[in-house]
Amino acid sequence: MAIRCKVVIIGAGGHAKVVIDMIQSNPEFEIIGCTDRIGNRKISGIPVLGDDSILPQLYEQGIRHAFVAIGGNSVRHQLARHALDTGFELINAISPHAYVADSVILGSGIAVMPGAVLNAEACIGNNSIINTCASVDHECYIGETCHIAPGCNISGNVRIGEGTFLGTGTKVIDGMTIGSWSILGSGAVVVKDIPSYCLAVGVPAKIIKKLT
Ligand SMILES: CC(=O)SCCNC(=O)CCNC(=O)[C@H](O)C(C)(C)COP(=O)(O)OP(=O)(O)OC[C@H]1O[C@@H](n2cnc3c(N)ncnc32)[C@H](O)[C@@H]1OP(=O)(O)O
């Protein structure tokens, strides 16, 4: 039997439960535990080993692979940087029930949840989440550390900058550009470009706040 890569999961909330389920379905990996501020417990049968300060110790013990399972973009961004600085390689967690076209380009640290569809020549940046039943169509570019929430539909040739969050069920028509670190409220329909650092909601999506 092939030796399985030992993986530590960083985070132990609801998002981590979905990630654990996906990684457990991949025979390449063996999850050795999670990290979280609240230790001394198990999630989905996996022990919480301690908080993030134990990562260097785990690396010294020979664990080389990690996955940051945190839904919030800025915290995920910071923890991914910390894990990489410690020496870990970030794996991808791809559901066997997602469709990922052969020509899709994936970075590392990416979660693709059940029912998600990534169509031809889409490109997904490091540490991004394509959540349950979201679709990313042909030639889209999704930057690093984005979160495309459940049920979003992103049409072809859309570009989304780093750190942007599309709330549940957001729709984006083809060819749009959405900037970095913006937030689209649940149910928004994007029919015009959205700049960086904006909160936009509604149908059609309108900017209601500038974000810092
Ligand atoms: C598997 C998972 O669970 S993944 C997680 C998925 N989670 C989501 O998709 C959550 C998405 N979040 C939202 O849609 C939130 O409502 C946000 C981020 C847009 C706004 O949140 P907040 O910053 O707390 O804003 P707040 O709730 O104060 O609303 C501000 C205004 O926007 C309106 N608003 C908020 N959300 C929306 C929305 N989705 N569509 C239209 N209007 C909205 C509010 O009614 C309010 O209007 P008012 O000022 O006239 O009263």
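The model is a predicted one, in which local features need pLDDT of at least 70 and side-chain atom pairs count only at pLDDT 80 or more, whereas totals for chains, interfaces and linings use all residues. Residues are numbered from 1 along each chain as its sequence is written. The protein chain is divided into domain 1 (5–91) and domain 2 (94–200), with bounds that come from an automatic or database domain assignment.

**Domains and their contact**

- The C-alpha centres of domain 1 and domain 2 lie 23 Å apart, and the contact takes 13 residues from domain 1 and 13 residues from domain 2, where two residues are in contact if their C-beta atoms, placed from the backbone, lie within 7 Å.
- On the side of domain 1 that touches domain 2, the elements giving two or more residues are α1 (14–24), β5 (65–68) and α3 (73–86); helices (H or I, at least four residues) and strands (E, at least two) are DSSP runs, numbered from the N terminus.
- The most is given by α3, with 5 residues on that side of domain 1.
- By class, that side of domain 1 has 7 nonpolar, 5 polar and 1 charged residues, where Ala, Val, Leu, Ile, Met, Phe, Trp, Tyr, Cys and Pro count as nonpolar, Asp, Glu, Lys and Arg as charged, and the others, Gly among them, as polar.

**The six-stranded sheet**

- An open sheet of 6 strands has the order β3-β4-β2-β1-β5-β6 with mixed pairing, two strands being paired if DSSP finds at least two bridges between them.
- Its edge strands are β3 and β6 (89–90), each of which pairs on one side only.
- Strands β5 and β6 pair in the parallel sense over 2 bridges, and His 65 stands opposite Glu 89 in β6.
- Helix α1 packs on this sheet, touching β1 (5–10), β2, β3, β4 and β5, and its direction makes about 165 degrees with that of β2; axes are lines fitted to C-alpha atoms, for helices over the stretch in contact, and angles run from 0 to 180 degrees between N-to-C directions.
- Helix α3 also packs on the sheet, touching β1, β5 and β6, with its direction at about 170 degrees to that of β5.
- Strand β2 (residues 29–35) runs parallel to β4 (residues 46–50), to which 2 bridges join it, and Cys 34 has Val 48 in β4 as its bridge partner.
- Strand β3 (residues 42–43) is instead antiparallel to β4, again with 2 bridges, and Lys 42 stands opposite Pro 47 in β4.
- The hairpin formed by β3 and β4 has 2 residues between the strands, and Ser 44 in the turn has a positive phi of about 45 degrees.

**The eight-stranded sheet**

- A further open sheet has 8 strands in the order β7-β10-β13-β16-β19-β22-β24-β25, with mixed pairing, and its edge strands, β7 (93–94) and β25, each pair on one side only.
- Strand β24 (residues 198–201) pairs with β25 in the antiparallel sense over 4 bridges, with Ala 200 opposite Ile 207 in β25.

**Thr 212**

- Thr 212 lies in the segment after β25 (206–210), and its C-alpha atom is separated by 6.4 Å from that of Tyr 197, 15 residues apart along the chain.
- Thr 212 is exposed because 4 other C-beta atoms lie within 10 Å, where a residue is buried if 20 or more other C-beta atoms lie within 10 Å of its own, exposed if 12 or fewer, and partly exposed in between, with C-beta atoms placed from the backbone.

**Ligand surroundings**

- The ligand is surrounded by 13 residues, of which the closest are Gly 167, Thr 168, Gly 185, Ser 186 and Val 201; a residue is near a molecule if its C-beta atom, placed from the backbone, lies within 6 Å of it.
- The shell around the ligand has 5 nonpolar, 8 polar and no charged residues.
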